[in-house]
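Hi everyone, thanks for coming. I'd like to walk you through one structure today, so please have a look at the screen.

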Amino acid sequence: MNKHIAPEQLAEWLQGAAEVALRAGDLILELYEEQAYETYEKDDESPVTSADFAANRLIVDGLAKLTPDIPILSEEGSHLSFEERQQWPRYWIIDPIDGTQEFIARSGDFGVIIALVEHNKPILGVIYWPAGDVLYTAQHGQGAFRQDVHGKQQIHVRRLADPAQDVIHLAISRRQPRERVLQRMTAERELALFPAGSCSLKACMIAEGRADCFLRVGPTGEWDTAAAEVIVGEAGGCIVSEDFQPLTYNQEANLGNPNFIILGDPAVAWKSVFTHHQNDD
């Protein structure tokens, strides 16, 4: 079954995935507020909680009911071999709690991520911020949207009045040393820093124009970027590796990402702002 899915069917799946993300967010928020979870350490020494596992079960069950024939790849699940995975024409990829460190630190800056990848390209994206009750969704070719208590509206990246001179709004991690990012950027451009939590929420900041860019230095997985790639792309921006190459999905045995950059206004000469790639020239 390698044929592309009709946009109308994708729209139904996007709605269904969004409803699953909302239910998972409710569960996560309940466990968060009651502090009714245990914390563990993965093999790579990163944290994971029983809330991650509970949300994972809810999302996997929900997506399996929505689309019984589409496999699901989760950060918190067991990963099939590349030989099996590369046969998939499409699959769901999820991160039940993006920003587990933020969840544990009780900052509220964590999200639920669900994306559909077809022929190695993300085509549906859902990011839900439970603490703020804000839902971001996008379907390839259909725009990106934010939904909150005030309703649903289409979102776009910020367009700078002067792309060559205006201050750039840089979303930056609260947890990681800022020098790791700033040393990879030109000193000739004035920056305003906007601290935030998980990668997915920083991506949404860029998609809705509250920040212009974000550089992630350090390990991430394909589940961290798939939904953001659709949402940011449909809002007018893009995600690329630190060397300004496209990210790949399910094309290697390793599901890790390179360092990557999320970019807003395409009129900005981003290669002159993020200069690390120039060291390879």
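First, a word on terms: helices (H or I, at least four residues) and strands (E, at least two) are DSSP runs, numbered from the N terminus. Please keep in mind that this is a predicted model, where local features need pLDDT of at least 70, side-chain atom pairs count only at pLDDT 80 or more, and totals for chains, interfaces and linings use all residues. Residues are numbered from 1 along each chain as its sequence is written, and side-chain values use heavy atoms, with hydrogens and water left out.

Let's begin with helix 1. It has 28 residues and spans 40 Å from first C-alpha to last, close to the 40 Å expected at 1.5 Å a residue; that expected span is 1.5 Å times one less than the number of residues.

What happens just after helix 1? There, glutamine 35 takes a positive phi of about 50°, although glutamine 35 is not a glycine. Glutamine 35 sits in the loop that runs from helix 1 (7-34) to strand 1 (39-41). Glutamine 35 is exposed, at 52% relative accessible area. For those labels, buried means under 20% relative accessible area, exposed over 50%, and partly exposed in between (1.4 Å probe, protein chains only).

Histidine 119 also has a positive phi of about 50° without being a glycine. You'll find histidine 119 in the loop between strand 5 (111-118) and strand 6 (121-129), and it is partly exposed at 30%.

Now, salt bridges. By that I mean a side-chain nitrogen of Lys or Arg within 4 Å of a carboxyl oxygen of Asp or Glu. How many does a search of the whole structure find? Ten.

One of them joins arginine 90 to glutamate 118, with the closest N and O atoms 3.0 Å apart. Arginine 90 is in strand 4 (residues 90-98) and glutamate 118 in strand 5, so this pair ties together parts 28 residues apart in sequence. Both partners are buried.

Next, arginine 174 pairs with aspartate 109, with closest N and O atoms 2.3 Å apart. This pair links distant parts of the chain, 65 residues apart. Arginine 174 is partly exposed at 43%, whereas aspartate 109 is buried at 12%.

Then there is glutamate 242 with arginine 184, at 2.4 Å between the closest N and O atoms. Here the pair ties together parts 58 residues apart in sequence. Glutamate 242 is buried at 8%, and arginine 184 is buried at 14%.

Last, please find Arg146, Asp148, Glu208 and Arg210, which are linked in a network of salt bridges.
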